[in-house]
Each structure stands twice: as C-alpha cells, then as structure tokens.
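This briefing sets out selected features of the model shown below. The points are grouped by topic for reference alongside the coordinates.

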Amino acid sequence: MVATHHIRTAVRSRRAAVALAVAGALALAGCGDGGGGDGGKDGTGPGQSPSAQRPGVELPKLNGRSVQVVAVWTGPEQEAFGKVLAEFEKRTGAKVSYVPTQDAMLNYLGTKIAGGSPPDVAMLQQVGALKQAVERKWAKPAGAEATAQLEKNYGEGWRELGAVDGTQYGVYFKAANKSLVWYNTAVFEAAGVAEPKTWKELLSTAETVSASGVTPVSVGGADGWTLTDWFENVYLSQAGPEKYDQLAEHEMPWTDPSVAKALTTLAELFGRQELIAGGAAGALQTEFPASVTQTFTGGDTPKAAMVFEGDFVASNIAETEARIGEDAKAFPFPAVGADAPVVTGGDVAVALTANPAAQALLTFLASPDAARIWASQGGFVSPNKSLDPAAYPNEVQREIGKALIDAGDGFRFDMSDQMPQSFGGTPGKGEWKALQDFLKNPEDVKGTQARLEADAAKAYGKKD
C-alpha cells in the first residue's frame, strides 16, 4: 500500500479543525451565492478577477500529437472534465480523446496493455491501484515539469499519495470530501427537524422525517463504493484514526471487535427498512446518481429526504431544479464517536506511455489553471493549494475547498481506495459485495466480518 508518514501520524486536532471548518462552511449554505448549477458555466467562477484567467503554466506546442485519456467519469463529470481537456487542446494544439470506462480500472488497463494499445493517461481512483500500476511496470514517472508544478501547488501529503517508493508518478487532480450528508430543505422544514450533529441525532431525525410522510434516507446501494463510504465514516469516528490506518493496510483483521461495533452501529440504520428509500431491495437497485436526484425531485414528497456522499453530489443536484444553498443543503457526517469523521478521496492522473503529450497533460492537471476550469462548474474540490477559492461557484463549495487545503496532511484517505483493487474497488467482489450483502441482511455482523476477512486475506496475499 502507499502509506505516508504524514497521513499515518496526522495530528488529531487538525482533523477536528477540518470538521469544524466544514461545519462552518455548510452553515453558510443559506447565505452564499446559492446557485450550485448556475454560476460559472462559461468556465469562470463568479468572483474571479480577470488576472485569474490568464494562463499560469507554460505548456509545449504539440500540434499533430494525440493523447487518449481514460477515467470513470460520465454525465456532468465527463462534461466538466471535457472543458479541462478542451483548454489543454487549445493551449498545446494536441488532440485529446476521452474514454469513460468501468470502475475496475486495472482490469480495463490490463486488457488494453496486453493488446498493445494502452491509453496515454489514466485517472485512477485507488491509491492501491497506483501502486499496482507501478509494480506491473505500466506507469511512467512524472516528468520534471509536472513534478515542479506539484512541488509548487500541492502539500506534501498529496504529493506522497501520488508517489511510490519515493518516485513521483501521479497527480491528484480531483479530490473529494466524503463526509457530507445532503438534505432536502423543504422536507426538513415540514418535519420540523434540524441538522443532526451525532449519530443518535441522525437516527432520531430520520424517525421524525419518516413520521412526516417522507422516507428519510436514500442509499445508492447498487454501487458498492457508496456502502464502503458509509462504513468508513462510521469506523473512523468510532474506532479512531490509528485503527483506521491499521485496517486500511490489513495490519488488523476484519474480525476485530472494532469492525463488529461499526457494523452493528451501521445496522441501526440499515436494519430499519422503513428509513431507507425502497428498503434494502430498492436501495440495492438504486445507482448513486439516482440516489441523489430522487432526493431533490418530486416537490414536497420526494422519494427521500437526505442522501450521504461527497461534495461531488453537487453535480447530480445540478441535474435537478434544486438550488444548492436553498433547496439543497448539507451537514457534516454526524459524530459516531468523540469526533466527526473527515474522509477524503481522489482521482490521480498517471502517464502510461512515453507520449510527450501525456507528460504535458500531467503538468497541466497539476496547475491551478486546470483546476480552475472544473471548480467553476461545481461538484469538484481541488487539493491544489494555489487555486483561487473564488473559482468555486458558491460559498458552500468555496469553504469546503478551503477546509480541504487547511487540513494540510491531517486527512484520512478513503480506506477502500488504499486497498488492493480486487478487495476494495471491484463491482460484485470483496468489500463492495460483502457490504451489499450486509445491507440486505444487517443482522449478520459476524458472517459479514468473516467474508470480509477471507476476501481481504486473499487480496493482500496476492496483491492482485
């Protein structure tokens, strides 16, 4: 695994400070710009100065060159990333083709590489996947220009997440705050409930909302990664950062009592069919985008009142008529233990060929110029500390972005993304499948632990 000294030894007070910063940011949701889907559609943020639009990174002329990029982004995310790639084409003269693919990225890349046609750049979602790409000699080290941009614009923790054995390979372009719960303000107001701050309060709020006639919680259980995020937030808050790190690297078995405690806590929600939109069966047929849109459509009677997931939920809300800061607000994932959790994720760009355009694209992605373009579209948080916060389209996202930067190296990266892909990042297998089965049968805590440990032991033994 790619573990950094800074992440493993991060100061708890820093993590708590981030939680407070996020809480403050989300409290501003009603008094910010409001327009989650409106501001900056032309590629500029509402508060940006003209100088912020001038190119800040030098790129080579690459007329006649082509570069293929592969990522998992579709829908609004693909559209936003397309604007980033279009600017790269404009500045370099290179022709970029984008290929969206499945979540099991290593499997896709293995097939393409075996066939002699690897993409030039891949956006990997797992820390473990980056390490495995290096071990298989697929990845190319980042060039001097990209490394210089990283050293200028990124904190050490994010740089080290993109490095393997001291060599820089990846550029974390898109980050995520994965400790947020988004809610339909009209439903909350009608039910007379406030934003919960603890897990106990969340359950109580859900019961009150249910009594008002709206199913409280939407779960995108068809996508197993959403369930790993549920578990990770509960586990980090309840078990603490040290055990979180140990479990992430399989230094502690999944049969540990701390895992049983977290699953039992999660079952307090998952075991209440009436609190989940469609019950377990419905949730397991609901993909992540639908879990969001069904929360913010349907007028006064949506299919659900709230949905848990990262800041990127804003992209999906933008496909509805709901306005962030007015119809849609968010609160930090409630504290299960002493502190509210702060879990992050991210997509790391890595070059797979010697194509000069691939290295140039990494350089561009490491610059604030590229981050600014997507930031203005919403549904995006950048770990690039040189990005002007004014690029974000509303006060909510500006403050969430600021909180991520202010965290320094004191964050915890998504646990499943640190694991071998066969366990932590493959549809229908490993942790994804075990937690989907758990959603279906949340009383089977011991059985779930046994399956998780068996699959983890196999994955870590093989290291994919």
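**Contacts of Ala314**

Setting aside neighbours within four places in sequence, Ala314 is in contact with Ile324, Gly379 and Gln397. The model is predicted.

- Ala314 belongs to helix H15 (residues 313–317).
- With a relative accessibility of 1%, Ala314 counts as buried.
- Ala314 and Phe380 are 66 residues apart along the chain, and their C-alpha atoms are separated by 8.2 Å.
- Phe380 is also part of a cluster in which ring pairs link Trp73, Phe81, Tyr98, Phe173, Trp374 and Phe380.

**Thr265**

- Thr265 is located in helix H12 (residues 257–270) and, at 8% relative accessibility, counts as buried.
- Leaving aside neighbours within four places in sequence, the residues in contact with Thr265 are Trp199, Val234, Gln238 and Val336.

**Aromatic pairs**

- The structure holds 25 aromatic pairs.
- One of these is the stacked pair of Trp199 and Phe333, with 6.2 Å centre to centre and 25° between the planes.
- Trp199 lies in helix H9 (residues 199–211), whereas Phe333 lies in the loop between strand E10 (328–332) and strand E11 (343–351), so this pair ties together parts that are 134 residues apart in sequence.
- Phe231 and Tyr235 form another aromatic pair that is stacked, at 5.5 Å centre to centre and with 25° between the planes.
- Phe231 and Tyr235 both lie in helix H10 (residues 224–239), where they are four residues apart, about one turn of the helix.
- An α-helix has 3.6 residues a turn, so residues three or four places apart point the same way.
- Phe231 is buried, and Tyr235 is buried as well.

- Strand E11 is mostly covered, with nine of its nine residues buried.
- Val343, Gly345, Asp347, Ala349 and Ala351 point one way from E11, while Thr344, Gly346, Val348 and Val350 point the other way, and all are buried.
- Strand E3 (residues 121–124) pairs with E11 in the antiparallel sense over four bridges, and the bridge partner of Met123 in E11 is Ala349.
- Strand E6 (residues 170–177) is joined to E11 by seven bridges, and the two run antiparallel; Tyr172 stands opposite Val348 in E11.
- Strand E12 (residues 412–413) runs parallel to E11, to which two bridges join it; Thr344 stands opposite Phe413 in E12.

**Helix H11**

- The buried residues of helix H11 (residues 241–248) are Pro241, Tyr244, Asp245, Leu247 and Ala248.
- Viewed down the axis of H11, these buried residues fall within an arc of 165°, so they line one face of the helix.
- His250 follows H11 and has a positive phi, near 60°.

Methods: Residues are numbered from 1 along each chain as its sequence is written. This is a predicted model: local features need pLDDT of at least 70, side-chain atom pairs count only at pLDDT 80 or more; totals for chains, interfaces and linings use all residues. Side-chain values use heavy atoms; hydrogens and water are left out. Rings of Phe, Tyr and Trp (its six-membered ring) pair if their centres lie within 6.5 Å; planes under 30 degrees apart count as stacked, over 60 as edge-to-face and the rest as tilted. Buried means under 20% relative accessible area, exposed over 50%, partly exposed in between (1.4 Å probe, protein chains only). The arc is that of the directions from the helix axis to the C-beta atoms. Two strands pair if DSSP finds at least two bridges between them. Contact means heavy atoms within 4.5 Å.
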